[in-house]
Amino acid sequence: MGRALSPRFLVAILAFLLVVFYLWPSNKDTPPVIKITKSSFDWSTVQPYHDPSPLTKPPSGVPRRLPRIQYPFPKSSKRFSDTAQAARRDAVKQTFQRNWKSYRKFAWMKDELTPLTAGSKNTFGGWAATLVDSLDTLWIMDLRTEFWEAVEAVAKIDWAVTNETSCNMFETTIRHLGGLLAAYELSGAAVLLEKAVELGDMLYAGFDTPNRMPAFWLDFRKAKNGDLLADSHVASASPGSLSLEFTRLSQITGDPKYYDATSRITELLYGSQNATKLPGMWPTFFNMRDSDLTEHSSFTLGALADSLYEYLPKMYALLGGLDRKYESMFLTAADTIKKHMLYRPMTQTNEDILFSGNVDVGWEVTLNPEGQHLGCFTGGMFALAGRLFDREDHVETGGKLARGCAWAYQAFPTGIMPEIFSMVHCETLAGCEWDENRWRREVSKDSQGFISLPKGFRNARDPSYILRPEAIESVFLLYRITGLEEYQMAAWDMFMAIEQATHTEYGNAAISSVTTTGVPIQRDSMESFWLAETLKYFYLIFSPPDLISLDDWVFNTEAHPLRIPKP
Ligand SMILES: *[C@@H]1O[C@H](CO)[C@@H](O)[C@H](O)[C@H]1NC(C)=O
Ligand SMILES: *[C@@H]1O[C@H](CO)[C@@H](O)[C@H](O)[C@H]1NC(C)=O
């Protein structure tokens, strides 16, 4: 005869079941534990040659309640269950997956895939730029298997292994450090933060100069020997857009040294803003060696300066509104920009759109009505700042700038705007009537024939398109800020045009000219921002608006979302 189960045995079974219950993977987001392979050199052991103490800490206190950024989309709007948006989102995701499959197969751990020849190249030190830059896009597109596989690979990156003798402080900060921080914030994978700290400690060495201003190139040998100097002629965006990443690293780790490093640049920007040749703006080039930001006389929101301005309102948000210097700097700059830099092009339909040009200051202030794809971020910047600082006029300006870039896309036969072009502009922002003869006269002054140019354009000095994100970035931001469906429609046209012209068997490729009516000539190049930024913004504009809400996240200039502290 068997005997009844003893109570002790029952308790044991129960305990066993409880253990199984708790250990059972309850959802697919339970992160696998991935161990770091430490870099072979630890930069935190290099003591500064130029003592930064006392360190400035991030502002303390409870973050302010920031104004609402996103349009109050109705919770269960038909718009988002809409199969049309879902189909668009899937199309973007499919393009991303085609690219990712090729990167994984042909360029794994290399900086870039070459999209025509299915090869690879290292352009940023050989630390897997495309992989690090794409981590958060993988997460956002819900490609979790691919994400964790990528994290395994990132855990083994050795920042001390490179064929280069130096690295670009700006590019490595926005792509690698920004990419690691955003992926860490989204996934909570500790190893990503560990790699970010390793890299942050290396980049921190780039500030170890006599005046604590960063060098453009972090020369590893010089940094280890205390021989690093800041540059006497350097693009202003480079020192001007390190602040978000370094601030977030301090916020997350509690170590103020990273914040301290960039806050010195902020103080210099603040102190120089009204002393430049175009008060309110900073010139395109700085003399960082002498901490002199006032020497130069050319100004732009395009290449070389762009993200310096973008980071002002974004830093205000990331610091929870606790540092009003950023508000003051942005609003002062915005007045100067509106007065001297924005222009309205002469178009056949007198479109209410704006572009931002270049300004030279000599005996007088001269506007060169050039447009750059890089400058297309300004629409989003104005709109975001307009919401943050409660300035509806800036939101409106942002809309005109964003619609300007979308308009320039559809003006060209490929449906894509060129890298650099010039337009015939109206005397005032209020607009002007189309004058065919004036346009012909202006075009004939430039060497290029007007036959191949859409009406209103003077030239397309650089007619290429290299898969850049700035136009869709602004269109996306304006959509989330205003809720207007016209931005989603513009985005879909842009996406189809880009896919049509740049699609290759293995990925997407830069093209030589957007002005051709035939098949564009493709180049064997696909920079990491294509997967990090361009496709991310395309995906997000067709996604429900609470996916990376602008009220919770602020994007760095490489589209890596960083979390805004809340009260
Ligand atoms: C360094 O150069 C060698 C030879 O060209 C190459 O095989 C290797 O992949 C490079 N390493 C990195 C990290 O770029
Ligand atoms: C610069 O000038 C503007 C406009 O006159 C002013 O509002 C701002 O406070 C000034 N900035 C500094 C740092 O003095």
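**Reading the model, feature by feature**

Modeller: The backbone oxygen of Leu-478 lies 2.6 Å from a polar atom of the side chain of Thr-482. Please bear in mind throughout that this model is predicted.

Biologist: Where does Thr-482 lie, and which residues does Thr-482 touch beyond those up to four places away in sequence?

Modeller: Thr-482 belongs to helix α17, which comprises residues 470-482. With residues up to four places away set aside, Thr-482 touches Tyr-71 and Tyr-487.

Biologist: Which backbone oxygen lies 2.6 Å from a polar side-chain atom of Thr-173?

Modeller: That oxygen belongs to Met-169. Thr-173 is located in helix α6, residues 169-187. Its contacts, apart from neighbours within four places in sequence, are Gly-178, Leu-203, Leu-242, Glu-245 and Phe-246.

Biologist: Why is Thr-173 classed as buried?

Modeller: The term refers to a relative accessible area under 20%. Thr-173 is classed as buried because its relative accessible area is 0%. His-394, in helix α15 (residues 392-411), is likewise buried because its value is 0%. Beyond its neighbours within four places in sequence, His-394 contacts Phe-330, Leu-331, Ala-334, Lys-338, Phe-382, Ala-383 and Gly-386.

Biologist: How should I read the accessibility of Phe-16?

Modeller: The term exposed applies over 50%. Phe-16 has a relative accessibility of 56% and therefore counts as exposed. This residue is in helix α1, residues 7-23. Together with Phe-9, Ile-13 and Leu-17, Phe-16 forms a nonpolar surface patch whose accessible area is about 400 Å² in total.

Biologist: What should I look for in the backbone itself?

Modeller: Most residues other than glycine have a negative phi, and most peptide bonds are trans. Ala-128 sits in the loop between β2 (119-121) and α4 (129-140), and is buried, with 0% relative accessible area. Another case is Ile-548, where phi is positive and near 55°. Its place is the loop between α19 (529-541) and β15 (553-555), and at 6% relative accessibility Ile-548 counts as buried.

Biologist: Is the peptide bond from Ser-53 to Pro-54 cis or trans?

Modeller: That bond is cis, with omega near 0°. Pro-54 lies in the loop between α1 and α2 (78-81).

Biologist: How many salt bridges does the model contain?

Modeller: The count comes to 27 salt bridges, a salt bridge being a side-chain nitrogen of Lys or Arg within 4 Å of a carboxyl oxygen of Asp or Glu. One of them joins Glu-198 to Lys-195, with the closest N and O atoms 2.9 Å apart. These two residues are separated by about one helical turn because they are 3 residues apart in helix α7 (residues 190-204). Glu-198 is buried at 16% relative accessible area, and Lys-195 is buried at 0%.

Biologist: Where is Glu-527 placed?

Modeller: Glu-527 is in the loop between α18 (485-502) and α19. The side chains of Glu-527 and Arg-175 are joined by a polar contact of 3.2 Å. Leaving aside neighbours within four places in sequence, Glu-527 contacts Glu-112, Phe-124, Arg-175 and Ile-466. Glu-527 and Leu-113 are 414 residues apart in sequence, with 8.1 Å between their C-alpha atoms.

Biologist: Lastly, which residues are around ligand 2?

Modeller: They are Tyr-270, Asn-274 and Thr-332. A polar side-chain atom of Asn-274 lies 2.4 Å from an oxygen atom of ligand 2. Ligand 2 taken alone exposes 360 Å², of which the protein buries 43%.

Key. Residues numbered from 1 in each chain as written. Chains lettered and ligands numbered in written order. Predicted model: local features only at pLDDT ≥ 70, side-chain atom pairs only at ≥ 80, totals over all residues. Heavy atoms only, no water. Patch = residues over 30% accessible without salt bridge, like charges linked within 9 Å, V, L, I, M, F, W, Y side chains within 5 Å. Areas by Shrake-Rupley, 256 points an atom, 1.4 Å probe, with all protein chains shown as cover. Helix = DSSP H or I, 4+ residues; strand = E, 2+ residues; numbered from the N terminus. Buried < 20%, exposed > 50% of the residue type's maximum accessible area, 1.4 Å probe, protein only. Near = heavy atom within 4 Å. Polar contact = N/O pair within 3.5 Å; in protein donor to acceptor, adjacent residues only side chain to side chain. Contact = heavy atoms within 4.5 Å.
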